Amino acid sequence: MRLQKIWMMWGLALLSASMASAQPVVLGRVDSFRALPSGIEIQSGPGLLCIRALRDDVLRITASPNSTLPNEGSWAVLPESRDSQLGVTPFSDAAFVGFDTPLLHVRVRRDSMEIHIEDAQGHTLLASSQPVQFFPDDR
């Protein structure tokens, strides 16, 4: 009976450990950020979010569950566009971090990492309602 309890406790411990490691990585708040010449890089827990302006009307958003961003290769973005850099104007206040291009205003909420992008006339182009999440199968 005692051996059975030990095995049961060990099994529960292993199950708990595997469930804990199966938790998603959520980019849920801005821990730190740095302005880039063409955008912004945001650290959130172990994860990283990078938003860069390829042109004044084209953004590239890249995210990672750790501090290493994935390969910059893309079938959707030509190499000359991918490697181009547009100078941006950094933005930071108590609620948001981000940047502006001549045509876009990019904001990321500090407390939730929700991304909000507007055009120069103030029309919402993107308003995320949840932070970026990486599930174990995504990694």
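The following questions and answers concern a predicted model of one protein chain.

Visitor: How many helices and strands are there in the protein chain?
Guide: From the N terminus on, the elements run α-β-β-β-β-β-α-β-β-β-β-β-β. The count for the chain is 2 helices and 11 strands.

Visitor: Which strands are the edge strands of the open sheet of 4 strands?
Guide: The open sheet has the order E2-E3-E4-E5, with antiparallel pairing. An edge strand pairs on one side only, and that holds for strand E2 (32-36) and strand E5 (58-64). Neighbouring strands of this sheet are turned by 15 degrees against each other on average, direction ignored. The edge strands are therefore E2 and E5.

Visitor: What is the bridge partner of isoleucine 42 in E4?
Guide: Strand E3 covers residues 39-44 and strand E4 covers residues 47-55. The two run antiparallel and are joined by 6 bridges. In E4, isoleucine 42 has as its bridge partner leucine 49.

Visitor: Is leucine 125 buried or exposed?
Guide: Leucine 125 is found in strand E10, residues 124-127. With Ile61 and Leu126, Leu125 makes a nonpolar surface patch of about 260 Å². The relative accessibility of leucine 125 is 52%, and the cut-off is over 50%, so leucine 125 counts as exposed.

Visitor: What percentage of the residues of the protein chain count as buried?
Guide: The accessible surface of the chain comes to about 8,800 Å², and 59% of that belongs to carbon and sulfur atoms. Buried means under 20% relative accessible area. Of the 139 residues, the share that counts as buried is 29%.

Methods. Residues are numbered from 1 along each chain as its sequence is written. This is a predicted model: local features need pLDDT of at least 70, side-chain atom pairs count only at pLDDT 80 or more; totals for chains, interfaces and linings use all residues. Side-chain values use heavy atoms; hydrogens and water are left out. Patches are made of residues with over 30% relative accessible area and no salt bridge: like charges are joined within 9 Å, nonpolar side chains (Val, Leu, Ile, Met, Phe, Trp, Tyr) within 5 Å. Accessible areas come from the Shrake-Rupley method with a 1.4 Å probe; for residues, only the protein chains shown count as cover. A salt bridge is a side-chain nitrogen of Lys or Arg within 4 Å of a carboxyl oxygen of Asp or Glu. Buried means under 20% relative accessible area, exposed over 50%, partly exposed in between (1.4 Å probe, protein chains only). Axes are lines fitted to C-alpha atoms, for helices over the stretch in contact, and angles run from 0 to 180 degrees between N-to-C directions.
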